[in-house]
Amino acid sequence: MTNHYIDLKNSDVILIMGSNAAENHPIAFKWIMRAKDAGARVIHVDPRYTRTSARCDYHVPIRSGTDIAFLGGMINYIIEGNKFFRDYVVNYTNASFLVNPDFSFKDGLFSGYDAKKRTYNKDTWTFQKDENGVPLKDPTLKHPQCVFQLLKRHYSRYTLDKVSSITGVSKENLLKVYEEYSATGA
């Protein structure tokens, strides 16, 4: 988190994952409760039901160690549903940058993996650049080698069925969290 704790009071939706913030971060949690009092929705995703769970709008139990799959499903849901702030993504992130055409991801490994050394050669993990060394961009986010399209392909495998089977969270609960959280993308 790069902003001050007090800024939490301005939130519309707060997602707490893997933390018992009510007990472990009481000062920050005070501002979360102020946001809730002002109408924010507070969601707790955690294997344990804790004091934080009791203070949130709802608790979503998840299998330990599966939070990456949960978030991967959320990323896929947001991208597929076009539920992100497009102007911000195009103008203030590297989503429009074109990646080296030799970069790839296959069978769980990125390009440049050396199985014997169990390390990566990251030479293909670069941006395409013009003659002045400035990264080439596609502001439409449609070029197959732009960061956005690579991200989209990478997370497309995190379907509701797959995420539900990994995390133990029902598809209904996944959709509830994903929809509520992504509503802030407008």
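**Figure 1. Threonine 124 and serine 111 in the predicted model.** In this predicted model, the side chains of threonine 124 and serine 111 are joined by a polar contact of 2.6 Å. Threonine 124 sits in the loop between β7 (119-120) and α6. Its relative accessibility is 18%, so threonine 124 counts as buried, the cut-off being under 20%. Beyond its neighbours within four places in sequence, threonine 124 contacts Val99, Asn100, Asp102, Phe103 and Ser111. Serine 104 lies 20 residues away along the chain, and its C-alpha atom is 8.3 Å from that of threonine 124.

**Figure 2. Asparagine 20 and its surroundings.** Asparagine 20 belongs to the loop between β1 (13-17) and α1 (21-24). This residue is buried, with a relative accessible area of 7%. Its side chain makes a polar contact with the side chain of threonine 50, at 3.3 Å. Neighbours within four places in sequence aside, asparagine 20 touches His25, Arg48, Thr50, Arg51 and Thr52.

**Figure 3. Threonine 167 in helix α7.** Threonine 167 is part of helix α7 (residues 160-167). At 1% relative accessibility, threonine 167 counts as buried. Its side chain reaches two backbone atoms in this view. One is the backbone oxygen of valine 163, at 2.8 Å. The other is the backbone nitrogen of valine 169, at 3.2 Å. With neighbours within four places in sequence left aside, the contacts of threonine 167 are Ile62, Arg63, Thr66, Ala69 and Phe70. Ala69 and Phe70 also belong to the α4 side of the contact with α8.

**Figure 4. Packing of helix α4 on helix α6.** Helix α4 (residues 67-80) packs against helix α6 (residues 147-155) at an angle of about 125 degrees. The two axes are 9 Å apart. α4 and α6 are therefore oblique to each other. The crossing of α4 past α6 is left-handed. From α4, the contact draws on Gly72, Ile75, Asn76, Ile79 and Glu80. From α6, it draws on Phe148, Leu151, Lys152 and Tyr155. By type, the residues of this α4 and α6 contact are 5 nonpolar, 2 polar and 2 charged.

**Figure 5. Buried residues of helix α6.** Which residues of α6 are buried? They are Phe148, Gln149, Leu150, His154 and Tyr155. Their cover includes α4, α5 (86-92), β4 and β5. Phe148 and Tyr155 are also among the α6 residues in contact with α4.

**Figure 6. Packing of helix α4 on helix α8.** The axes of α4 and helix α8 (residues 171-182) come within 10 Å. They cross at roughly 55 degrees. That makes α4 oblique to α8. This crossing is right-handed, while the crossing of α4 past α6 is left-handed. α4 supplies Ala69, Phe70, Gly73, Met74, Tyr77 and Ile78 to the contact. α8 supplies Leu174, Leu175, Val177, Tyr178, Glu179, Tyr181 and Ser182. Sorted by type, the residues of this α4 and α8 contact give 10 nonpolar, 2 polar and 1 charged.

**Figure 7. Asparagine 173 in helix α8.** Asparagine 173 is found in helix α8. Its relative accessibility is 33%, so asparagine 173 counts as partly exposed. Arginine 153 is 20 residues away in sequence. In space, the C-alpha atoms of asparagine 173 and arginine 153 are 24 Å apart.

Figure 8. Most residues other than glycine have a negative phi. Aspartate 107 is not a glycine, yet its phi is positive, about 55 degrees. This aspartate lies in the loop between β4 (105-106) and β5 (109-110). Aspartate 107 is exposed, with a relative accessible area of 72%. Arginine 118, another residue other than glycine, also has a positive phi, near 55 degrees. Its place is in the loop between β6 (113-114) and β7. At 67% relative accessibility, arginine 118 counts as exposed.

Methods: Residues are numbered from 1 along each chain as its sequence is written. This is a predicted model: local features need pLDDT of at least 70, side-chain atom pairs count only at pLDDT 80 or more; totals for chains, interfaces and linings use all residues. Side-chain values use heavy atoms; hydrogens and water are left out. Helices (H or I, at least four residues) and strands (E, at least two) are DSSP runs, numbered from the N terminus. Buried means under 20% relative accessible area, exposed over 50%, partly exposed in between (1.4 Å probe, protein chains only). A polar contact is a pair of N or O atoms within 3.5 Å; within protein, one must be able to donate a hydrogen and the other to accept it, and residues adjacent in sequence count only if both atoms are side-chain atoms. Contact means heavy atoms within 4.5 Å. Axes are lines fitted to C-alpha atoms, for helices over the stretch in contact, and angles run from 0 to 180 degrees between N-to-C directions. Angles under 35 degrees count as roughly parallel, over 145 as roughly antiparallel, 65 to 115 as roughly perpendicular and the rest as oblique. A crossing is left-handed if the near helix is turned anticlockwise from the far one by less than a right angle, and right-handed if clockwise. Ala, Val, Leu, Ile, Met, Phe, Trp, Tyr, Cys and Pro count as nonpolar, Asp, Glu, Lys and Arg as charged, and the others, Gly among them, as polar.
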